[in-house]
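Visitor: I would like to learn how to read the features of a protein model, one at a time. Could you walk me through this one?

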Amino acid sequence: MGFTIGGIRDMRSGSRRRGRTSESTTVAEYTGLWGWDVVPGARATRGSGGSRNECSCGVRDCSSPGAHPLSLASAVPAGATLDAAAAAWEQVPGAAVLLPVGRSFDVLEVAEYAGRHALVRLERMGLPLGPVAVTPHGRAQFFVAPGAAAELPELLYRMGWDDADLDLRCLGPGDHITAPPSDLGGLGPVRWLRPPTLDTAGRPPHARLVLGTLAYLSHRAAGA
């Protein structure tokens with residue numbers, strides 16, 4: 001990794017002294033401490049007259065306003081330092097912080113209600129867990145080991161959930177998620193339900209360890 005926990009504290013105070021943005025500090029934490037790639041993303045802006053959100057990408061009627069990577073911006077690779085992160089974000093002021101899925105992790109996504117209950121149950125069971133984020137439009141995102149998206153149909157079949165009514169999906173290679181504390185599509189900030197740690201960021205659990213609980217609670221919520 002690029003630096004230590006103590007280095008993060010120094011970095012935060014240094015960023016205030018040098019006037020660096022909170023976004024560049026966040027990017028440096030994600031790249032240098034957690035070992036994740038980061039991609040600059042578009043922001044949603046309120047349209048004229050209070051109409052639907054428009055996207056900072058400039059594309060008229062953008063299909064995902066404020067929720068996709070900026071096409072001409074370069075990714076900040078895992079291991080990048082604060083200086084590198086700050087330099088990258090100076091080129092895209094105001095960009096959202098996005099994480100590419102399928103490299104260090106895949107993401108199992110369920111409704112927030114089911115996700116919160118699943119998190120409590122999984123913690124009580126003492127099962128290994130990775131970071132968990134919650135979006136402003138009511139989705140809980142569980143970080144799991146890469147490869148989950150490809151394995152999901154087979155895993156659901158083995159567990160007997162392949163024909164069930166599940167509000168559950170898996171994000172994998174080619175997908176991106178908006179990272180806390182960036183705004184998602186003009187709806188508000190994404191937040192951590194379970195923040196990353198040195199133990200969990202680089203070694204999220206295999207999907208099979210959490211999928212059964214997520215599927216059960218997602219199914220129960222859908223039925224209710």
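Guide: Gladly! Let us start with a cysteine: Cys62 counts as buried, at 11% relative accessibility. Keep in mind that this is a predicted model.

Visitor: How many disulfides does the structure hold?

Guide: The structure holds zero disulfides. A disulfide calls for two cysteine sulfur atoms within 2.5 Å. For Cys62, the closest cysteine sulfur is in Cys55, 3.9 Å away, which is too far for a bond. Another cysteine, Cys170, is buried as well, with a relative accessibility of 16%.

Visitor: On to charged side chains. How many salt bridges are there?

Guide: The general idea is that side chains of opposite charge can pair when their charged atoms come close. Here the count comes to nine salt bridges. One of them is between Asp37 and Arg103, whose closest N and O atoms are 2.8 Å apart. This pair links distant parts of the chain, 66 residues apart: Asp37 sits in the loop between helix 2 (22-33) and strand 1 (39-41), and Arg103 in the loop between strand 4 (96-100) and strand 5 (106-111).

Visitor: Which residue forms a salt bridge with Glu123?

Guide: That is Arg194, with 3.7 Å between the closest N and O atoms. The cut-off for a salt bridge is 4 Å, so this pair still counts. Again, distant parts of the chain are linked: Glu123 belongs to helix 4 (residues 112-125) and Arg194 to strand 10 (residues 191-194), 71 residues apart. Glu123 is partly exposed, with a relative accessible area of 44%, and Arg194 is also partly exposed, at 24%.

Visitor: And what about Asp167 and Arg139?

Guide: Their side chains meet in a salt bridge at 2.9 Å, N to O. Asp167 lies in the loop between helix 5 (148-159) and strand 8 (168-171), while Arg139 is in strand 7 (residues 139-144), so the pair ties together parts that are 28 residues apart in sequence. Asp167 is partly exposed at 35% relative accessible area, whereas Arg139 is buried at 13%. There is also a network to look at: salt bridges with shared partners join Glu109, Arg139, Asp167 and Arg169.

Visitor: Now for ring geometry. How many aromatic pairs does a search of the whole structure find?

Guide: The search finds six. When reading a pair, look at the distance between ring centres and the angle between planes. For Tyr30 and Trp36 the centres are 5.6 Å apart and the planes are at 45°, so the pair is tilted. Both residues, Tyr30 and Trp36, are buried. Trp36 also pairs with Phe105, this time edge-to-face, with 5.5 Å from centre to centre and 70° between the planes. Trp36 is in the loop between helix 2 and strand 1, and Phe105 in the loop between strand 4 and strand 5, so this pair ties together parts 69 residues apart in sequence. Phe105 is buried, as is Trp36.

Visitor: Which residues form one aromatic cluster?

Guide: Tyr30, Trp36, Phe105, Phe143 and Trp192 do. Some of these turn up again around Pro131: leaving aside neighbours within four places in sequence, Pro131 has contacts that include Trp36, Phe143, Trp192, Arg194 and Pro196. Pro131 has its place in the loop between helix 4 and strand 6 (132-134) and is buried, with a relative accessible area of 1%. Between Pro131 and Pro196 there are 65 residues of separation in sequence, yet their C-alpha atoms are 4.8 Å apart.

Visitor: Last, a helix. What span should helix 2 have, and what does the model show?

Guide: At 1.5 Å a residue, the 12 residues of helix 2 should span 16 Å, and the end C-alpha atoms are 16 Å apart, which agrees. Among the buried ones are Val27, Glu29, Tyr30 and Leu33. Just after helix 2, Gly35 takes a positive phi of about 75°.

Technical notes: Residues are numbered from 1 along each chain as its sequence is written. This is a predicted model: local features need pLDDT of at least 70, side-chain atom pairs count only at pLDDT 80 or more; totals for chains, interfaces and linings use all residues. Side-chain values use heavy atoms; hydrogens and water are left out. Helices (H or I, at least four residues) and strands (E, at least two) are DSSP runs, numbered from the N terminus. Buried means under 20% relative accessible area, exposed over 50%, partly exposed in between (1.4 Å probe, protein chains only). Rings of Phe, Tyr and Trp (its six-membered ring) pair if their centres lie within 6.5 Å; planes under 30 degrees apart count as stacked, over 60 as edge-to-face and the rest as tilted. Contact means heavy atoms within 4.5 Å. The expected span of a helix is 1.5 Å times one less than its number of residues.
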